[in-house]
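Colleague: I have not looked at this one before. Could you put it up and walk me through a few features?

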Amino acid sequence: MDDAYIEMRTGPGRGFPVFHVVEKGEAITLLKKRTDWVKVKTKRGQSGWVYRHQLALTLGPDQLPVTLKPSGRDLYEDHSWELGLAMGQFGGVDSLSFYAGHRFTPNLQMGFSLSQATSRIADSKIGYLRLQHQPWPHWRIAPFFELGAGAIHSTKRSALDQPLDSTDASLLIATGVNIYLSRSFMGRLEYNNHRILTSRDENEEVSEWKVGFNVFF
């Protein structure tokens with residue numbers, strides 16, 4: 001290593017105590033990586049965890065700086081875009097949804113969803129602009145909360161098989177979890193509560209459960 005020193009901790013996090021300091025010029029072996037932490041081993045056989053940025057001046061056997069390839073978890077925690085598909089039940093009717101989102105901070109994401117629910121008596125298309133808050137984005141199973149606003153367009157078939165079209169504004173409250181699966185994929189489970197602002201005297205509430213997969217980059 002070419003840095004003045006690096007601190008070795010007992011675990012992969014700043015909450016773990018420093019138990020050893022590696023001096024400049026001492027050789028270390030990189031064992032494995034977990035998010036922003038790398039497990040290393042000294043020539044004396046001591047193993048511990050080092051913060052990734054402390055290895056910026058570490059040199060390899062060829063005396064060139066060591067480049068740490070980002071892991072799937074790194075890409076998951078640092079990604080900016082998501083695209084996904086989901087299937088579920090919208091008020092007891094099968095639904096299919098498409099989702100696209102852009103994360104502009106680690107905790108906040110703006111997204112758009114478009115869903116279609118089809119039954120023998122009605123077809124509904126639902127579109128939302130959604131704001132997502134993810135309190136713990138670094139967790140492998142990370143809960144999220146969403147608020148959304150959009151519209152629902154329904155085509156209902158009458159007894160005479162004549163289509164009856166209607167378009168109403170709709171509000172959304174949602175919660176769920178993102179589950180990191182592999183290098184570029186995560187699962188998504190969510191519950192949506194739709195508040196449909198109809199032109200009638202009473203508004204409608206519709207519950208929806210969905211499960212799907214997102215690709216992130």
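Colleague: Which residues make the nonpolar surface patch?

Modeller: W81, L83, L85, F98, F104, L108, M110, F112, L114, L129, L131 and F217 make a nonpolar patch of about 1,100 Å². Patch members have over 30% relative accessible area and no salt bridge, and nonpolar side chains (Val, Leu, Ile, Met, Phe, Trp, Tyr) are joined within 5 Å. A salt bridge here is a side-chain nitrogen of Lys or Arg within 4 Å of a carboxyl oxygen of Asp or Glu. Areas come from the Shrake-Rupley method with a 1.4 Å probe.

Modeller: Before you go on, this is a predicted model: local features need pLDDT of at least 70, side-chain atom pairs count only at pLDDT 80 or more, and totals for chains, interfaces and linings use all residues. Residues are numbered from 1 along each chain as its sequence is written, and side-chain values use heavy atoms, with hydrogens and water left out.

Colleague: Which elements give two or more residues to that patch?

Modeller: Strand 6 (81-90), strand 8 (108-118) and strand 9 (122-133) do. Strand 8 gives the largest share, four residues. Strands are DSSP E runs of at least two residues, helices H or I runs of at least four, numbered from the N terminus.

Colleague: And where is F217?

Modeller: In the segment after strand 13 (204-216). F217 is exposed at 51% relative accessible area; exposed means over 50%, buried under 20%, and partly exposed in between (1.4 Å probe, protein chains only).

Colleague: Switching to rings. How many aromatic pairs are there?

Modeller: Six, from a search of the whole structure. Rings of Phe, Tyr and Trp (its six-membered ring) pair if their centres lie within 6.5 Å; planes under 30 degrees apart are stacked, over 60 edge-to-face, the rest tilted.

Colleague: Is Y76 buried or exposed?

Modeller: Buried, at 2% relative accessibility. Y180 is also buried, at 9%. Y76 and Y180 form one aromatic cluster with F216.

Colleague: Last topic. What does T42 touch?

Modeller: M8, H20, V22, E26, A27 and I28, leaving out residues up to four places away in sequence; contact means heavy atoms within 4.5 Å. T42 lies in strand 4 (residues 37-42) and is buried at 4% relative accessibility.

Terms used:
Patches are made of residues with over 30% relative accessible area and no salt bridge: like charges are joined within 9 Å, nonpolar side chains (Val, Leu, Ile, Met, Phe, Trp, Tyr) within 5 Å.
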